[in-house]
Every structure is written in C-alpha cells, then in structure tokens.
Amino acid sequence: MASKEDIQRHKDNYRAAARAQQEAEEAAMPISREHLAGLFDHLDAALGREPCQHTLRLTRLFLTSHSLPEATVVPWLGQYGGYCDCEVLANVEDRWGE
Ligand SMILES: [Zn+2]
C-alpha cells in the first residue's frame, strides 16, 4: 500500500508537471495575452452584430489590422479548437481567457 508520503510525492510531481506544461504552453503562444484579449473583445462585439459565417474572417481581419502573424496564430487557434470566429470565442477563450 502507498504511504502518505508516497501519495504526497505523487501529488507534488503531478503539480510540478502540470505547471511545467502550462509554462511551456504559455511560452509557445504566438500572440501576446493583451492581443488575445483584444481579439476576444473584437469577436465578442462583432458576433453580437452578425452571426458567425463559420470562417475565421473576423479573426484574420483583427490579426492583419494589428500586424500579427496569421501564419502562426491561425494554426495555434486551431490547436485549441478555434476553427472559426465563434469557436475562437467559445473554445480558445475558454482555455486562454482570464
Ligand atoms: Zn462559427
């Protein structure tokens, strides 16, 4: 049977690994937190006016107007389930929003 110390050590290891994973994901972000928050605000406002066309039109518009690299940001959004404007808002904000 695992001792209390063993269980605690496993928990500590797990937390350290989870933190390292989180830090690695943060370091791999191709867009700053500030720009990402701006993108979510932009999509939130735009999708309040018109329905999502199930494209990344609004996202791409924001990226180009802020000189952000579409070529790296778009696949990164896809990694978190953001394949169209409403999914960026739903899935990516769920993961990376405040
Ligand atoms: Zn959509």
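Helices are DSSP runs of H or I with at least four residues, and strands are E runs of at least two, numbered from the N terminus. Residues are numbered from 1 along each chain as its sequence is written. The model is predicted: local features need pLDDT of at least 70, side-chain atom pairs count only at pLDDT 80 or more, and totals for chains, interfaces and linings use all residues.

**Exercise 1. Loop residues with positive phi**

Task: State where Ser 67 and His 54 are found, and determine whether each is buried or exposed.

Solution. 
- Step 1. Ser 67 is found in the loop between α3 and α4, while His 54 is found in the loop between α2 (33-49) and α3.
- Step 2. Ser 67 is not a glycine, yet has a positive phi of about 55°. The phi of His 54, also a residue other than glycine, is positive and near 55°. Most residues other than glycine have a negative phi.
- Step 3. A residue is buried if 20 or more other C-beta atoms lie within 10 Å of its own, exposed if 12 or fewer, and partly exposed in between, with C-beta atoms placed from the backbone.
- Step 4. Ser 67 has 6 other C-beta atoms within 10 Å and is therefore exposed. His 54 counts as exposed because it has 11 C-beta neighbours inside 10 Å.

**Exercise 2. Confidence and domains**

Solution. 
- Step 1. The predictor's confidence in each residue is pLDDT, on a scale from 0 to 100. The chain averages 95, and 99% of the residues score at least 70.
- Step 2. Domain bounds come from an automatic or database domain assignment. That assignment gives domain 1 (1-29) and domain 2 (33-96).

**Exercise 3. The packing of α3 and α4**

Task: Describe the geometry of the α3 and α4 pair, and list the residues that meet.

Solution. 
- Step 1. Axes are lines fitted to C-alpha atoms, for helices over the stretch in contact, and angles run from 0 to 180 degrees between N-to-C directions. The axes of α3 and helix α4 (residues 70-79) are 10 Å apart, and the helices pack at an angle of about 145°.
- Step 2. Two residues are in contact if their C-beta atoms, placed from the backbone, lie within 7 Å. From α3, Thr 59, Arg 60, Leu 63 and Thr 64 meet Glu 70, Val 73 and Leu 77 of α4.
- Step 3. Leu 63, in helix α3, is buried because 21 other C-beta atoms lie within 10 Å. Beyond its neighbours within four places in sequence, Leu 63 contacts Leu 68, Glu 70 and Val 73. The C-alpha atoms of Leu 63 and Val 74, 11 residues apart along the chain, are separated by 9.2 Å.
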